[in-house]
Amino acid sequence: MVISLVAGGALVAMEGRNTLMTGCRSLDLLWQGCWQVHWAATSAELWVTQTSNLPVYTLEEVTKHCSLESGVWVTYKGGVYDITEFVAMHPGGNKILLAAGGALEPYWALYAVHQQDHVLEILSEYKIGVLDTESCQKQESTIPLDPYSAEPTRHPALQINSLKPPRVDPETYRLEIEGLPGGVVSLSLSELKSRFPKHTITATLQFAGNRRSEMNKVKQVKGLNWGIAAISNATWSGARLRDVLLSYGFGPEVAAKAKHVQFEGLDRDVTGTAYGASIPLNKAVSEEGDVLLAYEMNGEDLPPDHGYPVRVVVPGVVRARNVKWLGKIVVSDEESKSHWQQNDYKGFSPEDFKSAPAIQELPIQSAITHPAEGTSGDCSDREGTVKGYAWSGGGREVVRVDVSIDGGKTWHVAKLHTSDQEQHPAPPPPPGRAWAWKLWEIDVPIPHRAQELEIVCKAVDSSYNTQPDTVAPIWNLRGVRSNAWHRVQVKVSEGLKDQK
């Protein structure tokens with residue numbers, strides 16, 4: 001079972017292409033072993049009304065504004081928007097120009113991450129007018145039908161950000177491998193399963209933008225407003241990438257020239273460009289690296305949403321390098337040329353993207369999942385339970401989590417869990433291979449007559465890396481690597497039922 005965080009009604013939120021998340025489960029109930037469904041309703045609609053103070057445009061007028069030189073105009077639900085100034089800030093790069101002079105709907109249908117209130121609020125700032133009635137009718141008749149209308153209905157607890165996984169026929173699927181002495185290798189799914197031993201790991205995948213919303217409170221960042229739930233944990237099984245590469249001729253001669261291993265997904269955007277990423281060669285071929293060509297998740301075939309039939313799992317590394325629907329592997333002396341490797345998921349400003357290293361390992365992280373921000377709880381027994389998760393990149397084990405209920409003045413040491421079921425604890429991981437998160441819990445005494453508490457958590461890993469106490473010093477334009485002390489404000493109310 002993939003365990004994806006839900007805290008205070010905030011559902012799992014995954015970002016970018018090659019990223020579709022399912023399998024939501026509430027951390028608050030992990031120790032109870034039962035399901036809890038949260039439904040976070042979103043308006044995600046931008047109703048268009050023709051008002052006297054907005055100009056009315058024809059579709060022909062909009063189509064003339066299809067470049068940075070002439071201005072970039074788009075339409076959405078009958079509204080007309082001049083997004084010329086926004087193009088440079090678009091998290092997806094210049095892909096937004098594909099909609100220039102036309103409708104956003106066909107592109108947003110493929111990337112449902114846009115169907116969120118804060119995205120629509122940004123769009124509304126660029127509104128300059130509305131389409132006339134005839135143009136609206138003409139446009140509606142030309143928007144293509146949904147090619148994924150046969151997809152199964154997903155669980156209502158899930159907040160889905162990329163609704164359309166590619167369809168891959170397992171019988172015709174081939175995984176190509178380039179950059180080895182024998183030329184291009186082409187592996188079928190059955191060959192991958194039968195020729196190489198199956199290896200199993202439990203690993204946490206965290207998005208670079210997890211907790212980005214806290215950076216937005218300091219200063220606006222470029223990216224979607226993720227909370228603490230852009231992280232998940234699952235058990236993955238498949239062939240080691242190391243075993244596959246060695247089998248087809250990887251050796252000292254190749255290692256002397258190559259520095260990276262590139263991955264390319266079968267999912268392509270409207271321009272035909274595949275999602276791509278790469279990792280350092282030493283991570284890919286290390287016996288301790290545990291990089292998998294995974295075809296199972298939690299003992300079953302990968303679901304389509306998670307990359308069926310094969311995805312790469314790179315434990316200890318940012319989620320963006322764990323490419324789904326894997327179609328090609330390239331052993332190379334260069335990093336992937338993908339937009340997502342070269343121009344995104346870097347912790348500096350855009351003018352430094354080319355020179356800045358691509359994010360691989362992420363820093364130490366922890367967050368509070370219970371109680372939720374702004375909630376109230378009964379303190380008649382003068383104790384409160386606090387729960388959460390902690391994880392560190394690079395296989396560094398979380399060794400301690402401290403919790404404060406007075407904003408960081410005094411601290412209490414939380415109890416760490418290596419499994420979601422305390423009665424069956426997992427053995428400690430080998431040094432440098434702590435791929436999975438640790439869940440933590442603590443009962444803390446509530447001060448007499450306290451009316452409000454500021455609960456704070458911070459974690460320490462096996463290399464004694466710690467979290468910064470505030471967000472401002474680590475702020476960056478893309479809102480990545482957000483790992484300051486997590487803070488939650490809660491009210492104390494005598495006689496209320498304790499939040500469960």
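I began with Lys198, which counts as partly exposed because its relative accessibility is 48%. The model is a predicted one, so I read every value here as computed from it.

**Entry 1: salt bridges**

I looked up the partner of Lys198. Its side chain meets that of Glu296 in a salt bridge, at 3.3 Å from N to O. Lys198 belongs to strand β9 (residues 198-206) and Glu296 to strand β13 (residues 292-297), so this pair ties together parts 98 residues apart in sequence. Glu296 has 14% relative accessibility and therefore counts as buried.

I then searched the whole structure and noted 16 salt bridges. I checked several of them.

Arg396 forms one with Asp461, where the closest N and O atoms are 3.5 Å apart. This pair, too, links distant parts of the chain. Arg396 is in the loop between β19 (383-391) and β20 (398-404), Asp461 is in strand β24, and 65 residues separate them. Buried or exposed, I asked of Arg396 and Asp461? Both are buried.

Lys337 and Glu334 also meet through their side chains, at 3.9 Å from N to O. Lys337 is exposed, at a relative accessible area of 62%. Glu334 is partly exposed, at 39%.

I also noted a network of salt bridges that links Arg174, Glu191 and Arg195.

**Entry 2: the open sheet**

I traced an open sheet of five strands next. Its order is β2-β6-β5-β4-β3, and the pairing is mixed. Which strands are at the edges? They are β2 (56-57) and β3 (66-67), each of which pairs on one side only.

I followed β5 through its pairings. Strand β4 (residues 71-76) and strand β5 (residues 79-82) pair in the antiparallel sense, over four bridges. Tyr76 has Gly79 of β5 as its bridge partner. Val74 stands opposite Tyr81 in β5. Strand β6 (residues 127-131) is joined to β5 by three bridges, and the two run antiparallel. There, Val80 stands opposite Gly129 in β6.

The hairpin of β4 and β5 has two residues between the strands. In that hairpin Lys77 takes a positive phi near 50°. Lys77 counts as partly exposed because its relative accessibility is 35%.

**Entry 3: backbone exceptions**

I kept one reminder at hand: most residues other than glycine have a negative phi, and most peptide bonds are trans.

Arg481 lies in the loop between β24 (452-461) and β25 (486-492). Its relative accessibility is 28%, so it counts as partly exposed.

I then looked at cis peptide bonds. One joins Tyr308 and Pro309, with omega about 10°. Pro309 is placed in the loop between β14 (300-301) and β15 (311-313). Another cis bond runs from His370 to Pro371, with omega near 0°. Pro371 lies in the loop between β17 (365-370) and β18 (376-377).

**Entry 4: aromatic rings**

I counted the aromatic pairs: the structure holds seven. Tyr389 and Trp437 form a stacked one, 5.9 Å centre to centre with 25° between the planes. Tyr389 lies in strand β19 and Trp437 in the loop between β22 (415-417) and β23 (438-445), so the pair ties together parts 48 residues apart in sequence. Tyr389 is buried, at a relative accessible area of 0%. Trp437 counts as buried at 5% relative accessibility.

Why is the pair of Trp411 and Trp485 edge-to-face? The ring centres are 5.1 Å apart and the planes stand at 80°, so the pair is edge-to-face. Trp411 is in the loop between β20 and β21 (412-413), and Trp485 is in the loop between β24 and β25, so parts 74 residues apart in sequence are tied together. Trp411 counts as partly exposed at 27% relative accessibility. Trp485 counts as buried at 15%.

Lys458 lies over it, at 4.2 Å from the ring centre.

Last, I looked at Tyr345. Together with Tyr275 and Trp340, Tyr345 forms one aromatic cluster. The charged end of Arg478 sits over the ring of Tyr345, 5.8 Å from its centre.

Key: Residues numbered from 1 in each chain as written. Predicted model: local features only at pLDDT ≥ 70, side-chain atom pairs only at ≥ 80, totals over all residues. Heavy atoms only, no water. Pairing = 2+ DSSP bridges. Buried < 20%, exposed > 50% of the residue type's maximum accessible area, 1.4 Å probe, protein only. Salt bridge = Lys/Arg side-chain N within 4 Å of Asp/Glu carboxyl O. Phe/Tyr/Trp six-rings, centres within 6.5 Å; stacked < 30°, edge-to-face > 60°. Lys NZ or Arg CZ within 6 Å of the ring centre and 35° of its normal.
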